[in-house]
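Thanks for coming. I'll go through one model today, starting with a term and then moving to the chains.

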Number of protein chains: 2
Amino acid sequence: MSKKAATRSRERDPAATRQRLIDAAVRLMLKQGFAGTSVDQICAEAGLTKGSFFHHFESKEALAEAAVAWWGRMGSSLYAAAWENTSAGPLERLHQMLDIMSGFTRREGEDCVCMVGMMSQELAATHPAMQAACGRELQHWTDQVARLLTEAREQLQPVTDFDPEEVAWFLNSLWQGSMLVGKASGSQALIRANLQLARDFVDGLFANPPVLPVVHQPS
Amino acid sequence: MSKKAATRSRERDPAATRQRLIDAAVRLMLKQGFAGTSVDQICAEAGLTKGSFFHHFESKEALAEAAVAWWGRMGSSLYAAAWENTSAGPLERLHQMLDIMSGFTRREGEDCVCMVGMMSQELAATHPAMQAACGRELQHWTDQVARLLTEAREQLQPVTDFDPEEVAWFLNSLWQGSMLVGKASGSQALIRANLQLARDFVDGLFANPPVLPVVHQPS
DNA sequence: TGTTACATACCAACCGGTTTGTATGTCCAA
DNA sequence: TTGGACATACAAACCGGTTGGTATGTAACA
């Protein structure tokens, strides 16, 4: 039978279609938020119709949750170059991670924003499932950073002792807040400046590598 | 022709009515966001009708802008105890400010959230007027903190030189991010831990008051 | 002081458009 | 021929905002 590959219109590829919906949702919701983005808009952006939408997702919120999960996987794969870099020490890997984050601010025509922070801010108080989904993603990021900090604390000389998980949450919060403030200020440079201070903060936890010039107090 | 003035005697107090609308908007939008809150809901919460709403505000966005401005004034008045405390040194005033912020996490039954961060996250990318309004509030907070840091830098001995405005933005971002992450994690204690680290960070800028125990590196 | 004139404050009903979600149909591959 | 993948059409509720009206405060003037 002739395959008749020239099948008019649309390829049938449910996984890809589902991903098209997720991509569209991410693109639109990062800009307009959850409530500010309609299902019709998402369908138009994905080049699909509403029937298809509700075939793949049982609700708009379900799609947003899938989008947050996808965002988390995507992020982890981007951070992996730093997180799983076995040929570098823990502090160096933290530096690499901060460089990756800084790189997010330098993409032409693309804002440095986060789907998790966006959905969390808007929906955490009213949509428990979404709060849980965002909490999971933030926890995962924090776990990875805490792991590196723990390693660093074992291998290097901490100036004062610290709780790796606490510091990791500190960095996560700074990162989320930087993107938020950068948005209101319209300045990605502000985000980079914060990341530089974060690097100084992390380095300052350890006496070892970048020895700070100690200023003797005269008085 | 008795007019029958059995008028339901609603108080006629335009300023108070306007404020009732602002209060209602703040209460609802802090929880549900801007797009997730309808004008009808706001009117119901304020005990008014839509006609009255649009007499005082020309649009829902105009009310949200007024609410952000009110939130800023409210915040400034709460921080004033620290910011304008002439009987304390700059570093002590920064400590007092952090204590005030920490106090926001301890209010019974009330989440530690920020109208400016909320509106900024949701609307900055699509509503230029709102982005500007939020940017102004964040800038004002930063200015006050930078002022204290500048004073502290003059009076105390900075370990290494720093840019007060940069550090102020760092603290502002951390604060906003802490509220965001605290929301997703459902933990106000997380916010307090971040504020403690922020205090350590600020103290660490100066060699003077809380001398850090220096660990000599053996290797 | 009493009356008239007008602006402000507020209300109830309504409007066109948009919302999420459904019901149903069609096409195609297995 | 059966079932998944998608499209079309539709509905009930809800949206932000408008309209036309009434009640009330204020001020000029008789």
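A salt bridge here is a side-chain nitrogen of Lys or Arg within 4 Å of a carboxyl oxygen of Asp or Glu. By this rule there are 13 salt bridges over all chains. Before details, the conventions: this is a predicted model, in which local features need pLDDT of at least 70, side-chain atom pairs count only at pLDDT 80 or more, and totals for chains, interfaces and linings use all residues. Residues are numbered from 1 along each chain as its sequence is written, chains are lettered from A and ligands numbered from 1 in the order in which they are written, and side-chain values use heavy atoms, with hydrogens and water left out.

One of the salt bridges joins the side chains of A:Arg93 and A:Glu151, at 2.7 Å from N to O. A:Arg93 sits in helix 5 (residues 90–104) of chain A and A:Glu151 in helix 7 of chain A, 58 residues apart. Helices are DSSP runs of H or I, at least four residues, numbered from the N terminus.

Now chain B. Its helix 5 (residues 90–104) and helix 7 (residues 128–155) pack at about 145°, with axes 8 Å apart; axes are lines fitted to C-alpha atoms over the stretch in contact, and angles run from 0 to 180 degrees between N-to-C directions. Contact means heavy atoms within 4.5 Å. Among the residues that meet are B:Leu94 and B:Met97 from helix 5 of chain B, and B:Trp141 and B:Leu148 from helix 7 of chain B.

Next, the interface. 48 residues of chain A are in contact with 48 residues of chain B. The two chains bury about 4300 Å² between them, 68% of it on carbon and sulfur atoms; buried area is the accessible area (1.4 Å probe) that two parts lose on being put together, summed over both. How many salt bridges cross the interface of chain A and chain B? The rule finds zero.

How are the copies related? Superposed by least squares on C-alpha atoms of residues with pLDDT of at least 70 in both, chain A goes onto chain B by a rotation of 180° with 0.0 Å of shift along the axis, RMSD 0.1 Å. The two copies are therefore related as by a two-fold rotation axis. Of the residues of chain A, A:Gly177 comes closest to that axis, its C-alpha at 1.7 Å. Finally, 98% of the interface residues of chain A are also interface residues in chain B, so the copies meet through the same surface.

Definitions and conventions
Helix = DSSP H or I, 4+ residues; strand = E, 2+ residues; numbered from the N terminus.
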